[in-house]
Amino acid sequence: MSKPGGRSFASAYRSLWRLRSFVRPYNRQMLVMLACAVIAVAASTLIPLVLEAVVNGPIHHHNRGALVPMFLLALALGMVEAGLIAARRRVQSVAIQMVEREIRNDLYARLQRLPVAFHDEWQTGQLLSRATTDLGTIRRFLGFGAIYFVVDGMQYAVVMALLFATYVPLGAVALVTTLPVIWMAKRFGAGYSHISRRVQDQQGDLATITEEAATGMRVVKAFGRGPLMQDRFGVSARTLRSSSLELVRLRARFWGWLTLVPNITMAAAVLVGGIAVAQGSLSVGALVAFTTLLVLLQFPIIDLGWILSMAQQAATAADRVCEIFDATMSIDDRPGALTLGQSTGRLAFEHVGFTFPGSDRAVLRDVNLTIEPGETVAIVGLTGSGKSSLAALPARLYDVTSGRITLDDIDIRDLTIESLRRHVAVVFEDPTLFSMSVRENIVLGRPDATGDEIAEALDIAQAGFAYDLPWGLDTRVGEQGLALSGGQRQRLALARAVISRPSVLVLDDPLSALDVNTEALIEEALGRVLQKTTGLIVVHRPSTVALADRVALLQDGVLVAVGTHHELMELPAYASVLSVDFTSPPEPSRTP
Amino acid sequence: MSSTSTQAWRGIAAEEVEEVPSDWTGLLRRRTRRLIGSVARPHKRAIVLITIAIVVSNLAATAIPYLVGLGIDRGIAGARHHDYVPIAVITGLIAICALLQALLYRVFVSGSGRVGQEIILQLRERVFAHFQRLSLAFHEHYTTGRMIARLTSDFESINDMFNLGLDTLVNSVLSVVGVGTILLVLDLPLGLVCLSGFVPLYFLSRWYQRESTKAYRVTRNAMAQVIVQFTESLRGIRAVHAFRRAPRNDEIFGELSEGYRAAMSRSFQLLGIYWPGIVLVGNITTAAVLLYGGWRVIGGEMEVGVLTSFVLYLRRFFEPLAEVSQFYDSFQAAAAGFEKLAGVLDEDPGVPMPAHGAPLPAGGLKGAVTFSNVRFAYREGANVLAGFDLDIPAGQTVALVGETGAGKSTVARLLARFYDPTEGKVTIDGIPLEALDQHSLRRAVAMVTQESFIFSGTIADNIAFGSPDASEEQIISAARAVGVDSFVHTLGDGYESDVGKSGSRLSAGQRQLVALARAFLADPAVLILDEASSSLDAPMERLVQSALRTVLADRTAVIIAHRLSTVEIADRVLVLDSGHIVEDGPPGRLLAEGRGHYASLHAAWRDSLV
Ligand SMILES: Nc1ncnc2c1ncn2[C@@H]1O[C@H](COP(=O)(O)OP(=O)(O)OP(=O)(O)O)[C@@H](O)[C@H]1O
Ligand SMILES: Nc1ncnc2c1ncn2[C@@H]1O[C@H](COP(=O)(O)OP(=O)(O)OP(=O)(O)O)[C@@H](O)[C@H]1O
Ligand SMILES: [Mg+2]
Ligand SMILES: [Mg+2]
């Protein structure tokens, strides 16, 4: 169910590195955050030194007066530390959230422009989990992990240098005993990134199942299949839990090893140092200083645990996000694409063949059809013969796989998508409404439409009911328009297409959910619109055929006949598709 | 959040109580606390065990500095006299402590992780189950996006809490209590100075709790809005493309995503005050101890050593507190998630089903349906049905026709118990629908909805949805009856072919056929078909028709159709107009009588055929 993504371990880090372009505008802020973190750590380590100074200075000399400046110094250092933490959080709160927002907006923009074929393949839940969970993971890494990685690295280096300065053999002991950390991190990293990728994919699956359960709620209720959905959800949630537990166990093992390292170093230091002191090559004071420093080495090593976990998760998350940025925009403006200002609406299919991506069955083969400006052609064919596929091509929802489609004799792939779609409006077989106001749904393709134009479109589509909704045109239609009746949805979708005054109007079975009377009214009004507009109408009913000047019969992806309704009525194949004569025997066999 | 004027596109809907009035906070907090308690309770033992693990691990860790001191004092003394036993023993002890500490820490990390995952799993299933129980009316205003937000991103914040820093909480509490006691024992007056730092901390924490609760609540809502917009526009991607909606959507999404950013920034900034606030209080107290302690040492009222220990201990007192602030932050984030979930769990199912419904008659249901005096409104004050009466004897096939928006689907939905009538009753064989449990209701009624929904998966999976226990033969024979087999072989893997996301690899007619096969397989006493063959071509419709004739022979059926060809197999036609039955009778008689609604509809339809 999950999208097979899993690229290599190294590619994950490369993906994370690629996202730096989003961070670049905030490079300064990142540096400020880093500086704040370093100075705050330094300030907090200085405070004990003030104590030393107090003991050695004022107290030693019984000088109460000298106590006050020391007090002020400690106070100042304390305030600096707090102030720097505050400053870092402040900068972080702006910069890091901005980075997250930018990636999210870009991701969304990209997704909206990826072709329909991409969305046929990818589950919304998988996409969603990238835009939410994964980006959150990346944000956390940028805000904490990356910063502390540098701070801790510096701390480790400084402490190590001090250790070596104190006594070289002991320094070597510390270095050697902490080195296995690198090997551990490597082993852990590989396993962790593998599982973390799996967890993220499974989070996407869970979101997908949730989405299906929600959008299919009516069917679930109609068949009382709540328990079945519960099972499916449960399986998915359990799989996610098992993988998360694997992650937890791996983390526990790694973190356990990491906490062991500094203490073993300490044991080794006591042994080696103690013997060295006994043999007189080291002073006791130096050993004490050494062990004190060793405590400071503990933090960078232990922190490595969560920093690395965070980094791995961020890297696989970045990989998942980059999969979207890397998906090919198979339908995009060509370089030097033309903008079509005015269009007569002459639409021609020339030897058009079409196969859905990932399928090996041609849905359309060698389709030739020219629709003159103002002409209307109806497409008639059996279920699954390829009508909707044909209707999706002129607006480039999919691209032809062979041949070409021209608008005003220009290959539509040479036009900018924006201008092409301005001229070609489509009504889909299932009306796609959004949970927005009725008005916003109608003016989807023409935000500048005036009130009169809206009224006219509603009139053509016989959608006067919209005024009677509780808040008129401002009423929200509910998710997918499900708070409307089937016919009401369809009429709004029709109004939406009509209002954009296209030069080519593609209607895919636009009146299937309407009663005969309403249908007749719409046909009359639509007939007037189609006088001036080129029309391509997919029809199942003889009544709608009346709107067309010519009819094309589609059989298994091949246009077998084009002509007027009366001409084609001679063909038994055509007559049977539209026929409602129930005495003729059904024709169930339709092998391709 | 953005102003209302920029959100006009969203339109108006009745139910919008996103912002919680402030006097609710108490109730919300109580409800949230109850939920957290109820999910944690089953894991009480595990929680105690992992707490012990981390405490012991901590003790082992604290023993190490002591052993190091011992090594320096005793070990070296021995080694000077070539007695290496003490130093070896002490090194060994350090190693043992280190091992113990690491081992128990690992136990703690995996233990707390496991408890966290269990809690998440159980809560997830509980919330999902509740979503399933909630009525359609609820889901219609709640929206898919928010349901997804609840089940994914809210849990994210809970997961974070379990992954980040539960041990800091335990550790910090331990050191604060331990060190606090030591401080008081070491020197009472100075100890009291230290503890006085708690007074500002208390107020600071109260302030933080109040503000961050609000901030995180906004975060959850903002995230849900982002998810709603995201899922909706991707589901409607065809319309987005065809109508060049992307730029406007970018704007809208940008606004919502900015809303989330602003909310997150706010919570970041709150912690950005709270955390350094604690550090500041700690540092000021340290400085004060230095001054006051130094003063007293100079005055000879205190030992230098005591002052040194004091200042060293103070670090271990306030630093953990600062760490707790970060844990508290993730706790607050999780609490906001819990609060949302508690809210969902608190929702009334609306159309409640009894756990054990009325017993079904011995021979199974016959399928006599009555609507008596039913009133129904989706929105208060706009009745779709009023005083609606209908009697369908068992075994009858009824066609429901009428203008679009007349209320046909509404009648069907009431019969399938998607909603309960506002007034009146719907019964099957005399049993009110609300007396049936889920299992019996499904045996009683199944419906092909006007919008045929196909799940991701195979064709067979989708058909089997009607009856999950069906054998392969049963699935195939249901499929064959409605003509699914006429196209499955074109799909590569036959019945095991993947239909793609929401059935995107099928044509509209093919989707309807699958939905029909699903209903045939379900084999209910009452079958409802709401525009179930509207996208089929005529020959296919004829095939379905003849299949229906067999299937509906001894079954109650309600068929809604605009194409009157579908109606021809009905025993009885009901014409619905604005929620009222205006005509009722066998189709033949209504046609013969001539002048009625059905006759004129039929005439118009006949005319449309040529
Ligand atoms: N996304 C897709 N991927 C692969 N195959 C597809 C996809 N969409 C449709 N098909 C297949 O292409 C064929 C034509 O589908 P299309 O939707 O064009 O039919 P149609 O003529 O519109 O039928 P209907 O009258 O049922 O709407 C069908 O056999 C269908 O299974
Ligand atoms: N979920 C809903 N929330 C609010 N109003 C609704 C909802 N569903 C339907 N309505 C309204 O109730 C009325 C009746 O709708 P219904 O779906 O029953 O009509 P219908 O007869 O099935 O029409 P059609 O033939 O177009 O499907 C319509 O005015 C519609 O706008
Ligand atoms: Mg179609
Ligand atoms: Mg309806």
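Buried here means under 20% relative accessible area, with exposed set at over 50% and partly exposed in between. Keep that scale in mind for the views below, which all come from a predicted model.

View 1. Start with Glu100(A) and Arg104(A), whose side chains form a salt bridge with the closest N and O atoms 2.8 Å apart. Helix α4 (residues 67-113) of chain A holds both partners, four residues apart, about one turn of the helix. Is this pair buried or exposed? Glu100(A) and Arg104(A) are both buried. Over all chains, the structure holds 56 salt bridges.

**View 2. A salt-bridge network in chain A.** Here six residues can be picked out together: Arg130(A), Asp134(A), Arg197(A), Asp201(A), Arg320(A) and Glu323(A). Salt bridges link them in a network.

**View 3. The interface of chain A and chain B.** Let's turn to where the two chains meet. Chain A brings 182 residues to the contact, and chain B brings 172 residues. About 16600 Å² is buried between chain A and chain B, with carbon and sulfur atoms giving 64% of that area. On the chain A side, the residues that lose the most area to chain B are Tyr108(A), Arg218(A) and Phe223(A), together 5% of what that side buries.

View 4. One example to look for is Arg244(B) with Glu418(A), whose side chains meet at 3.5 Å, N to O. Polar contacts across the same interface of chain A and chain B come to 50 residue pairs, both residues being at pLDDT 80 or more. Helix α10 (residues 226-278) of chain A supplies the largest share of the side of chain A that touches chain B, with 32 residues. Sorted by class, that side of chain A has 87 nonpolar, 53 polar and 42 charged residues.

View 5. The salt bridge between Asp430(A) and Arg511(B) has its closest N and O atoms 3.4 Å apart. Asp430(A) lies in the loop between β6 and α14 of chain A, while Arg511(B) lies in helix α18 (residues 508-522) of chain B, so the pair joins two chains. Asp430(A) is partly exposed, with a relative accessible area of 41%. Arg511(B), at 12% relative accessibility, counts as buried.

**View 6. The magnesium ion (ligand 3) at chain A.** Which protein donors does this magnesium ion (ligand 3) have? They are Ser388(A), through OG, and Glu429(A), through OE, lying 1.9 to 2.4 Å from the ion. The pair links distant parts of the chain, 41 residues apart: Ser388(A) is in helix α12 (residues 387-392) of chain A, and Glu429(A) is in the loop between β6 (424-427) and α14 (438-442) of chain A. Ser388(A) counts as partly exposed, at 24% relative accessibility.

View 7. Ser409(B) belongs to helix α13 (residues 408-415) of chain B and Gln450(B) to the loop between β6 (445-448) and α15 (459-464) of chain B, so the pair ties together parts that are 41 residues apart in sequence.

View 8. Why is helix α6 (residues 153-163) of chain B described as largely enclosed by the rest of the structure? Because ten of its eleven residues are buried. Among them are Phe155(B), Ile158(B), Met161(B) and Phe162(B). Elsewhere in chain B, Asp420(B) and Arg417(B) form a salt bridge, with the closest N and O atoms 2.8 Å apart. Asp420(B) is partly exposed at 24% relative accessibility, whereas Arg417(B) is buried, with a relative accessible area of 3%.

**View 9. Two residues with positive phi.** Most residues other than glycine have a negative phi. Gln480(A) has a positive value, near 50 degrees, and is found in the loop between α15 (451-460) and α16 (486-499) of chain A. Its relative accessible area is 26%, so Gln480(A) is partly exposed. Asn373(B) is not a glycine either, yet its phi is positive, about 50 degrees. Look for Asn373(B) in strand β1 (residues 369-377) of chain B, where it counts as partly exposed at 44% relative accessibility.

Definitions and conventions. Residues numbered from 1 in each chain as written. Chains lettered and ligands numbered in written order. Predicted model: local features only at pLDDT ≥ 70, side-chain atom pairs only at ≥ 80, totals over all residues. Heavy atoms only, no water. Contact = heavy atoms within 4.5 Å. Buried area = accessible area lost by both parts, 1.4 Å probe. Salt bridge = Lys/Arg side-chain N within 4 Å of Asp/Glu carboxyl O. Polar contact = N/O pair within 3.5 Å; in protein donor to acceptor, adjacent residues only side chain to side chain. Nonpolar A, V, L, I, M, F, W, Y, C, P; charged D, E, K, R; others polar. Buried < 20%, exposed > 50% of the residue type's maximum accessible area, 1.4 Å probe, protein only. Donors = N, O, S within 2.8 Å, 3.2 Å for Na, K, Ca; no water.
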